Amino acid sequence: MIDLLKIEYAKVKNYSTFWVILAIYAVLVPLTYLGSSQLHLPFYPTADELFSFPTIWGFLTWTASLWNVLLGVLIVMSICNDISFKTQRQSIIDGQSRKQYILGKFYFFVVFAIIVTLYTFLMGLIIGGINSGFSDAASGIEYVGFYLIQTIGYFALAFFFAVLIRKSALTIVLFSVIIVFDIFLSPIFGLFMGDYYGEMLSQFIPTLTISHLTPFPFFQEMISYGKQMNPNQPEVYEMNEYLRLAVASMYVLAMVFVGYLSLKRRDL
Amino acid sequence: MSTVLEIKGLKKNYKTVKALKDLNVKVESGTVFGILGPNGSGKTTTLGIVLGILNPTAGSYSWFENGQKDENRKRIGALLETPNFFPYLDAVKNLRIVAQVKGMDKTKVEARIEEVLKIVNLWSRKDNKFKAFSLGMKQRLAIGSALLNDPEVLVLDEPTNGLDPQGIAEIRRLIKDIAAKGKTIIIASHQLDEIEKVCTDVLILKEGVPIRQSKIDELMVVKKEVAVSADDMIKLQSIAESSSLITACRIKENLAFLEVNEEVNAAAINKMFFEAGLVLTELRLSKKSLEDQFLEIIG
């Protein structure tokens, strides 16, 4: 495992595009969070709350997840570069098995997701600690765990599309379109099967299962507020968080496995 | 002598083409084995399959009498079609990745990289990025990379493709040096003189079918040929075909090319036709070149 990781690291170590995009991400997350504190929306927390425990965990991970598409692009590049430079082919010729190649990418994106999550976690810990002390730091910290699985999920999606499509531009476009198009899935399903079941079905669509891991943080508040105003408001299906975690993890494994099967059968 | 590679009943169909139709080959250790054939004859397909990047439609192969295991390829150095490296990395960093993939002993990697870069004459360019290399340098780096793990077998597909005459000569000298060390080398080429200059054994492929497999000296036996002509070419042919002096006859326009044994001379041929009642209008001795033979074989 360590050997496979070292190979993947050697490939990105001197690849400047990788580090530039990573830097853009690293700057955008805190900037976006800072900017969001000045939004005056109904239900939206004040700047004080945003920068304090426990609110910070839910909101920071949600904000960070908005930029995960950028990181997904890095995963797409790491695979599509190997294909266009034919270095994937060469690695197989040099004695790597297709399984090892896929495992190398899998380990790489999992470790990368852990590093990204650590970055967000430290950012939250520092900002929250400065503003509110550490007494409430553990409350809501499960969002960091959800964020990790979500990031792994996005990377698995990027990996999956890259391995199947093999062309970086097309993969990046499709990956982005699918993630943006997500929000329309539930209304479209709703049209055919009613709001409740439409929403239920949509939450089992892999991209939505993954993106809902860090939901719009005041979604629940909005629903309960709506209920107070109008007790006849229909129920909205919301998947249990831990069920979602299990379903998302299953999708990750399934995508890696199908990616492997696809590579195994392919002529390079 | 042990068997390095054995191919049994190998077939490969692409969507519309049958690229390989039932190939059986045995490569013994220590030979320089040439696979000769025109473009599209199945050379690269064959090498692609045994190097694990193409899935065969049928048949099997075995490296080192050890089956189709991925591990086997770590003992092989291969250059298939184009040199494949990361354009944004320099020669040394690219070779380090290859060493990692090959699972080489880490303590020996740096020294070995220096060694192979010197062999392929790229040591002075070790810090240059791959994308800045000329085609010949890229090709040499690929050969250096193939040599990196001190492989037991070297597989080279069109190794001199796109090189200038000096580069071609260098690569050929390199191949001979490596062969002299007792390594097995498998070379695919559409250039007859390339195979002729370096190989000990040859397999000729045409449209996915093996036409002939032999020692190169057997193929290289230059046949003596007599070109004759007469007013009645039909009669000439029937006499030629029934004569014991002539081993093969081939008519091209108004000339018949007769393959004869070494001891037969022009006078004997002339006498034989005259006695059979045909006067030759033309008679000359020629030696059949290897190229003619090759074209005839694949023709």
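**Exercises on chain B and its interface with chain A**

Of the 299 residues of chain B, 51% count as buried, where buried means under 20% relative accessible area with a 1.4 Å probe, protein chains only. The structure is a predicted model, in which local features need pLDDT of at least 70 and side-chain atom pairs count only at pLDDT 80 or more, while totals for chains, interfaces and linings use all residues. Residues are numbered from 1 along each chain as its sequence is written, chains are lettered from A in the order in which they are written, and side-chain values use heavy atoms, with hydrogens and water left out.

**Exercise 1.** Describe the extent of the interface between chain A and chain B.

*Solution.* First take the contacts (heavy atoms within 4.5 Å): 26 residues of chain A touch 27 residues of chain B. Next take the buried area, the accessible area (1.4 Å probe) that two parts lose on being put together, summed over both; for these chains that is about 2,500 Å², 52% of it on carbon and sulfur atoms. Finally, A:Ile93, A:Asp94 and A:Asp267 supply 24% of the area that chain A buries against chain B, more than any other three residues.

How values were computed:
Buried < 20%, exposed > 50% of the residue type's maximum accessible area, 1.4 Å probe, protein only.
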